[in-house]
Structure formats: structure tokens, C-alpha cells
Amino acid sequence: MYAAVVVQLEAPGLNQPFTYRIPDAMTLHIGDAVVVPFSGQLAVGYVVGLSAEPPEEIAAAKIRAVTARIENGSAFDRELFELAEWVARETLCDLQEAVRLIAPEVLGSAIKTTLTLADDWGDLLALTRSQPQHAVADALASLGGSATPAQVSRLLPSLKVGPIVSELRKKGVLTETRSVSLPKAREKKVRVLRLAVDIDVAEEEATRLEKTRAKKQAEMLRALIESSAPASLLGAPPNAGIAVGPGAHASARALAEKGLAAYAEATVQRNPFRFFGMVSDTAPPLTDAQATATKEIGAHIALQDGSVTLLHGVTGSGKTEVYLDLVARTLAQGQNALILLPEIGLTTQLLDLFKARFGEDDVAVLHSALSLGERYDEWQRIKSGAARVVLGARSAVFAPVTRLGLIVMDEEHDGSYKQDSSPRYHARDAALRRAERSGAIVVLGSATPSLESFYRAKTGRYGLVTLSERISSRPLPPVHIVDLREEFRKKPEQRKFSPKTEGSAAEEEAPSPARSIFSEALMDAIGDRLERQEQTILFLNRRGFATFLLCRDCGHTPVCPNCDVSLTYHHGARLLQCHHCDFRAPAPADCPICGGLRIRPFGLGTEKVEEAVHQAFPEARTLRMDRDTMARKGAHAETLRTFRRGEADILIGTQIVAKGLDFPNVTLVGVVSADTALNVPDFRSGERAFQLLTQVAGRAGRGTRPGEVFVQTFSPEHTSVLRAAEHDYLNFYAEEIETRQELSYPPFSHMANLVISDEDETLAAARSQTIVETLRQSIETQNLPVTLLGPVTCPLARLRNRYRWHIVARTPSKATLLKALRGMLSALSASDRQGLSLDIDPLTML
């Protein structure tokens with residue numbers, strides 16, 4: 001037998017499977033991780049095909065054998081590999097990159113190389129004048145004489161260690177050994193105590209021990225009896241017995257010595273649900289609109305016809321109950337369901353509901369906040385079919401769900417479904433492809449669908465089901481647009497509230513006197529909700545305390561040394577931080593340029609909003625949700641539960657609080673500044689601003705009490721603001737789709753953004769010129785209708801210390817676009833391709 005193996009090495013020319021012979025004593029399956037010889041070294045790879053005969057073009061005698069199979073490394077099946085191949089074709093990434101999507105890091109292994117100095121290394125180097133060779137040998141000696149190449153490189157960052165190691169190996173100064181590291185996570189084993197006798201015997205012994213001074217032994221024996229562990233360990237269920245806690249080992253040993261109990265190893269399931277709590281498991285009766293929706297989509301589930309339906313429901317219309325009903329129908333047919341969510345915060349909230357409805361054993365969760373062990377256990381539960389309902393973020397679209405009958409993509413418009421590093425896939429496209437192969441039904445849900453999805457629904461490519469009203473006919477909340485230009489023209493004495501917030505947006509225009517970041521109307525509304533013991537959400541899509549620091553004496557603003565952006569000021573930590581590369585530095589007390597003491601924060605961030613609330617309403621209990629406060633594991637769930645229980649009055653946050661959250665006692669939403677979403681140099685900025693404002697406004701008035709929304713902006717006449725205030729998706733779509741058609745933007749075209757970056761500004765510019773000329777030649781040679789724009793510098797011209805240029809290619813056909821790009825890539829040399837990244841159908845051009 002022969003195996004086709006995708007080798008996991010970063011090197012040119014590996015964008016294909018390689019053939020290996022399977023030893024007679026070895027059994028392999030598709031998806032197994034293996035060790036194979038490759039180009040004079042060992043490498044890890046994944047089996048993607050099996051055959052009885054070798055390829056005709058390869059002589060069997062020249063085919064090398066698989067070295068070993070890696071235990072616990074089995075990752076995927078043929079269907080998932082075909083999905084990975086499709087991702088590689090559609091995103092133009094290397095095949096080994098796409099395979100990593102279906103073979104997650106938690107199951108991965110690697111070849112570990114160890115360098116070891118010879119005993120007489122000093123003598124062997126005595127006559128060598130090469131300073132780099134001496135440096136590498138000395139570094140290795142300082143590490144104890146044995147280390148990995150990466151460890152040596154960290155000590156010598158200015159040297160290319162690889163070629164030097166080769167020279168030292170030839171001289172016998174060091175040796176290289178390679179070994180396979182085990183997968184990063186495996187089954188968790190614990191030591192437990194189990195009964196070693198029949199229960200009747202144990203009962204008699206427990207009674208006897210209770211009459212003696214061995215009370216603790218008797219208690220432990222009773223606990224073992226209650227655990228119902230059988231006498232024969234061979235037939236024991238996986239978790240039979242009890243774990244022995246601190247202070248109980250003496251009693252456990254005594255029972256073992258008497259032959260009443262025995263130690264054993266048991267596999268335990270790591271519980272990713274420990275941060276979650278249960279909610280009601282009773283399904284409310286469906287409304288007429290929900291029942292119509294579930295009936296229409298349910299007919300497709302019964303047929304398993306691979307259809308796609310866009311569920312367009314206003315905020316609070318009960319889309320989640322529709323999802324739950326569809327999942328129940330899918331399970332009743334003996335098939336399984338996959339629920340995709342854009343944020344961990346949404347996973348937290350919906351997981352409670354799905355667990356309550358379908359049971360904890362049948363529900364699995366996959367997202368980046370899980371530990372490696374938890375992710376491993378959940379992956380294995382999904383792969384074995386033990387978990388029938390899977391909830392997860394973007395990458396869960398590649399989970400090994402068996403008998404897949406339904407894929408639900410909630411908040412399908414959300415940009416987080418597009419991966420921003422290679423492979424740059426969109427989870428929606430991957431879900432559609434997976435459903436096409438399996439026959440599963442796809443439901444795309446949103447109150448503000450992407451223009452591409454709604455256009456496909458309107459033109460008949462997708463089905464369209466609409467929920468036009470909220471549950472119980474509750475009204476959508478009225479939205480009041482507050483013109484900050486008018487607000488800041490008011491004199492301080494005309495304002496009811498004016499707590500001092502130094503460096504606010506108002507101060508940038510009129511440094512004295514300081515003004516509140518809240519309008520008078522919003523201040524009144526917050527105070528009113530506090531009096532009525534109702535809850536408020538305040539939204540600002542920018543974290544930190546201030547956008548930047550500014551010296552009023554010389555005008556200096558601290559900027560990131562690696563990116564062309566100013567550093568964001570975080571007041572609590574007295575820290576300056578770049579939110580692109582994570583560079584951090586202490587905030588200066590005086591100006592580093594002129595020494596002036598008037599260096600002050602300007603602009604807004606969620607941290608400043610929280611401080612302003614505390615100044616205006618000292619009695620208010622607040623919670624803040626942004627990346628700074630949600631870094632700790634379980635913080636999302638803990639914060640949302642606290643707010644749901646009414647233990648906080650005001651929730652302040654970035655876009656984390658704008659999606660999908662359902663709090664019946666929230667009757668007020670305040671958008672502190674809508675302008676952060678509007679003023680972005682991107683053709684999708686108007687769509688994103690409308691979606692964000694509509695979604696966050698939809699958090700208000702979802703219970704029995706009516707809601708109200710205040711949107712503060714310097715652009716009250718902007719279409720996105722006006723349509724969001726009216727909750728009017730249809731007219732926003734009609735206006736925006738007309739503009740897109742006039743300009744030949746998606747969905748009327750497909751685009752590619754080619755970004756060329758280099759640490760040297762001149763090289764980046766030169767390479768971008770080479771690439772655009774090669775792409776133009778590919779287009780002309782194949783006579784393709786593709787329009788090119790650029791090269792020009794990116795809006796973010798320097799990022800992570802790399803200068804960036806980009807080229808935009810546009811054409812009506814995606815197949816045409818891919819054909820042009822493939823022609824370009826095949827003509828480019830390896831050096832010309834350095835620093836090139838391709839984004840097909842980009843969501844942002846920054």
C-alpha cells in the first residue's frame with residue numbers, strides 16, 4: 001500500500017502530496033499524522049490518500065517508506081481534506097497551510113532538532129578563525145552543551161545560525177539528532193481508587209470498620225460503594241471509582257493493603273463548561289412568524305438538498321429560537337448540527353441555551369479561549385460523534401462533525417468570519433462549500449445581512465425568510481441622533497451636567513472649559529435609568545483611555561516605532577500601547593522632545609467612558625468589556641452573567657457588546673461616538689457603520705419595558721446614521737447596492753488585494769512594481785478582463801516595522817481573477833514573492 005502525504009515543512013515546491021510506501025506492519029488511514037523522510041531529514045506529514053499501486057510516473061523502487069505513525073495524531077477524513085484542497089485553490093495558499101485548518105495545532109507534532117557539542121569541541125575549534133563559528137559554539141556551551149537551533153538563534157539574533165551549524169557539523173564540533181515531539185495535548189489520566197471486591201463483601205467490611213477506630217477507612221469504603229464500581233476493573237466504566245484527595249491517602253493505602261480497593265488509571269473529560277451556567281430548558285411557544293420560518297426551512301432539512309437560506313430578522317425577532325427548532329429537527333433525523341458564531345462572547349451566552357435544550361453531553365464548543373487540553377477533548381468528542389451539536393467561532397467550520405445535516409451561521413455579516421492571515425478564507429464560503437459536498441442545509445442569520453448575501457437572496461441564489469417584527473410585537477427602540485456640533489456650541493452653564501473629563505473630544509476644539517463626553521440628553525437618560533433600576537449599555541468602538549497623547553507646548557505625539565500610528569493611552573496602567581503590533585511603553589510624565597509638562601490625553605476610549613460615568617454617577621455600578629478587560633479566561637462569561645443578574649447598572653464596551661446579547665432589563669443604549677466607524681478609508685465603511693449602529697441599537701428594549709437609543713455624532717446627516725436610526729435595512733440596501741453597481745464593487749465584481757511589504761521601504765516599492773508588471777503580463781497574455789489599480793502605499797503605510805504597498809485587481813468573475821493571479825504567481829521568482837500576501841474578496845483594504 002502507498003500513502004499520499006502532505007509534508008508540513010515551510011519550503012518552496014511543497015504545494016502537493018508526496019508518495020510513500022506503507023510498511024507491511026503499519027496500518028494507516030486518511031488523516032493520520034506520520035513521520036516521513038524528506039530531503040535528508042525527518043518531517044511530519046498527514047496522510048491524504050491511500051492506494052494499492054504507486055503513481056505511474058514514479059518507480060516503486062525509489063519510493064521511501066513511512067518512518068512511523070504518530071499516536072493520537074489522527075485528525076480528519078477525506079471530505080475535510082477535499083475542503084482544505086478547495087481552500088487552497090480559492091485563496092491561493094499552499095496546501096500544507098490549508099491542511100493545518102483541518103489538523104489543528106492541538107493534534108500536531110513536530111520534529112525536534114537537538115544540537116550537542118562534542119567533548120573535544122574546544123580543540124576542534126582551536127585553529128578556526130571564524131568568529132561566527134566560535135560564537136555559535138560558545139552560545140551552545142552556555143546552554144549546557146545541548147540545545148535546539150531556535151534557542152541558539154535567540155542568543156545570537158544577528159547571525160544566520162543554520163549555515164554555521166552545517167559547517168560545525170562537518171568539522172565534528174557538534175552533532176544533530178532529531179526526534180518526534182508528541183502532540184501538545186492528549187487524554188487526561190488521573191489515579192482513582194476502585195473497589196476490588198464484590199459490593200456485598202465491601203458492605204460487611206465497612207460495617208466492621210465502623211465499629212473500630214478506622215472511621216476514615218469506613219467512610220472511604222462507603223464512598224467507593226456509592227460510586228457503584230464493580231469488583232472487576234476490566235469491566236469498569238471509564239470514570240468508575242473516586243479520586244483520592246489530599247489527606248485521604250493513608251486511608252486509601254490501608255484499603256488497598258487489605259485487598260478491599262485497588263488503584264487504577266482513569267480517563268477524565270476536561271470540562272470547558274465550568275464557566276457557564278444553565279438556563280431554562282423549556283422552549284417557549286413559537287410565534288406565527290417563527291413557526292412559518294421553521295416550517296419553510298425544515299422542509300429543506302427533511303430533504304437534505306444542500307440549500308442555503310438567508311434568515312433576515314430584525315433585532316429581537318427570535319432568530320435564536322428558530323435555530324434551536326431547526327437543530328431539534330436535524331437531530332431527530334439522526335444528523336448533527338454546526339452553529340457558527342462571530343465572537344466568544346456570543347458563544348458564552350448561546351452555549352447556556354443549547355446545553356439546557358439538548359443536554360451537556362450532546363453539545364461541544366470550540367473557540368480560542370479553550371485550553372489545549374479542553375480543545376483536544378472537545379475535538380475528540382466531535383470526531384467520535386459523541387457530541388451532536390457543535391458551537392464555535394470561525395475555525396469551527398473545519399470541525400470533524402459526522403453526519404452533518406445543518407450549518408447555522410449567526411450574525412453572518414460579521415467581519416470576524418474572514419481570517420486576516422493566510423489562508424485568508426471566509427467561514428461563510430467554507431460553510432457553503434462543505435454543505436454543497438455533504439447535502440447539509442445552511443442558514444445565514446442576521447438583522448443586517450452583508451450586501452453580498454442579501455443580493456444573492458434577492459436574485460434567487462439563496463432562499464429568503466424574513467422576521468419583520470420583534471417577539472410579542474414589541475416596538476423597535478426609537479433612536480435619537482445627537483448632533484455633537486450643536487452640543488459643543490452650548491456654554492457650560494447651559495448644560496445640566498458638565499463633569500470634568502480632561503482631554504475629551506470637546507477639549508480638542510475648545511481646550512477650556514472642559515466638557516462632558518456625554519450630551520445632556522444622554523446624561524438625563526442615564527440618570528433616569530439609574531432611578532428606575534433599569535440597565536444601560538454604552539458603546540464606543542475604541543478601547544483605551546485616549547486616542548493619543550499631545551504636548552501642548554511643542555505639538556509632539558508619541559507614535560509607534562513599528563507602525564505609522566499614534567500610541568493609544570491607557571490611563572489605569574499609565575501605558576502607551578499600539579493596538580496593531582502590541583508595542584508598549586510607559587506613558588511619559590513630561591514631553592520627551594521639549595521637556596514640557598503639558599502633555600495631555602486627547603480623544604476617546606472605553607476606559608475614559610468608564611471614568612466619565614464614575615464622575616457623573618458615582619453610585620453607578622459599571623462593567624467594561626474590551627480586549628483589555630476580557631483577556632482572562634472566563635472573563636466574557638463572568639461579566640455577562642454579572643450584568644444579567646442585575647449586579648451592574650451600566651455595561652461599557654466595544655463591538656463585543658453590539659452583537660447578539662439579550663438582556664431584558666436593558667432599556668437604554670448610548671453610542672458615545674458614531675464617527676469612529678464612519679471615518680475609515682474603505683468602500684465598506686458605510687455598510688459596517690450601519691450594521692454596527694443597528695446591531696447595538698437592537699440591544700435596547702428586548703424585554704417588557706420599552707427601550708431608547710442615543711447616537712452621538714458629528715455627522716448626523718450621514719446615510720448610515722440616518723438609516724440605522726430608522727432601523728431601515730431595506731432602504732439602506734437599495735441605496736448602497738445602487739452605488740456598488742455604479743462603481744463595479746462587490747457583489748458586482750470580485751477583487752483581490754495584493755499587499756507587498758518589506759523592512760526596506762525602497763525594496764517594498766520596487767517589488768510592488770515588479771509584481772504589478774508580472775500581473776499585467778499575465779492578464780494580457782491570457783486576454784482576461786481584469787482591471788488593475790496601483791501600486792500605491794497602503795492606508796496603513798507601515799505596520800509591524802514593514803513598509804506596505806498594495807495593488808487591487810478587479811473583475812466580474814472570480815474564476816477569471818484566480819486565473820490571472822495563478823499566472824502571475826507561476827511567473828514570479830521566489831525572491832519576488834517574498835513579503836507578498838494575497839487576499840481574495842477582501843473585507844478591508846487597509
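Before we look at a pair of helices, let me say that axes are lines fitted to C-alpha atoms, for helices over the stretch in contact, and that angles run from 0 to 180 degrees between N-to-C directions. Helices (H or I, at least four residues) and strands (E, at least two) are DSSP runs, numbered from the N terminus. What we have here is a predicted model, in which local features need pLDDT of at least 70 and side-chain atom pairs count only at pLDDT 80 or more, while totals for chains, interfaces and linings use all residues. Residues are numbered from 1 along each chain as its sequence is written, and side-chain values use heavy atoms, with hydrogens and water left out.

Let me start with the helices. The axis of helix α8, residues 215–226, comes within 9 Å of the axis of helix α9, residues 249–257, and the two cross at roughly 75°. That makes α8 roughly perpendicular to α9, given that angles under 35 degrees count as roughly parallel, over 145 as roughly antiparallel, 65 to 115 as roughly perpendicular and the rest as oblique. Where they meet, α8 brings Lys216, Gln217, Met220, Leu221 and Leu224, and α9 brings Ser251, Ala252, Ala254 and Leu255; contact here means heavy atoms within 4.5 Å.

Next, please turn to a sheet. It is open and has four strands in the order β31-β32-β30-β33, with antiparallel pairing, where two strands pair if DSSP finds at least two bridges between them. Because β31 (787–799) and β33 (836–840) stand at the edges with a single partner strand each, one side of each is left without a neighbour in the sheet. Neighbouring strands of this sheet are turned by 20° against each other on average, direction ignored. Between β31 and β32, the latter covering residues 802–811, there are seven bridges, and these two strands run antiparallel; Leu789, for instance, has Val808 in β32 as its bridge partner. Helix α25, residues 761–781, packs on the sheet and touches β30 (750–758), β31, β32 and β33, with a direction that makes about 150° with that of β30.

Now for the aromatic rings. How many aromatic pairs does a search of the whole structure find? The search finds 13, where rings of Phe, Tyr and Trp (its six-membered ring) pair if their centres lie within 6.5 Å, and planes under 30 degrees apart count as stacked, over 60 as edge-to-face and the rest as tilted. Phe454 and Tyr733 form an edge-to-face pair, at 4.8 Å centre to centre and 70° between the planes. Since Phe454 lies in helix α15 (residues 451–458) and Tyr733 in helix α24 (residues 729–743), the pair ties together parts that are 279 residues apart in sequence. Both Phe454 and Tyr733 are buried, a word that means under 20% relative accessible area, with exposed meaning over 50% and partly exposed in between (1.4 Å probe, protein chains only). Ring pairs also link Phe454 and Tyr733 with Phe690, Tyr729 and Phe732 into a cluster.

Finally, let us consider a single residue. Thr713 has its place in strand β29, residues 708–713, and is buried, with a relative accessible area of 0%. Its side chain makes a polar contact with the side chain of Asp675 at 3.0 Å; a polar contact is a pair of N or O atoms within 3.5 Å, and within protein one must be able to donate a hydrogen and the other to accept it, while residues adjacent in sequence count only if both atoms are side-chain atoms. Leaving aside neighbours within four places in sequence, Thr713 is in contact with several residues, among them Ile481, Leu484, Leu678 and Val721.
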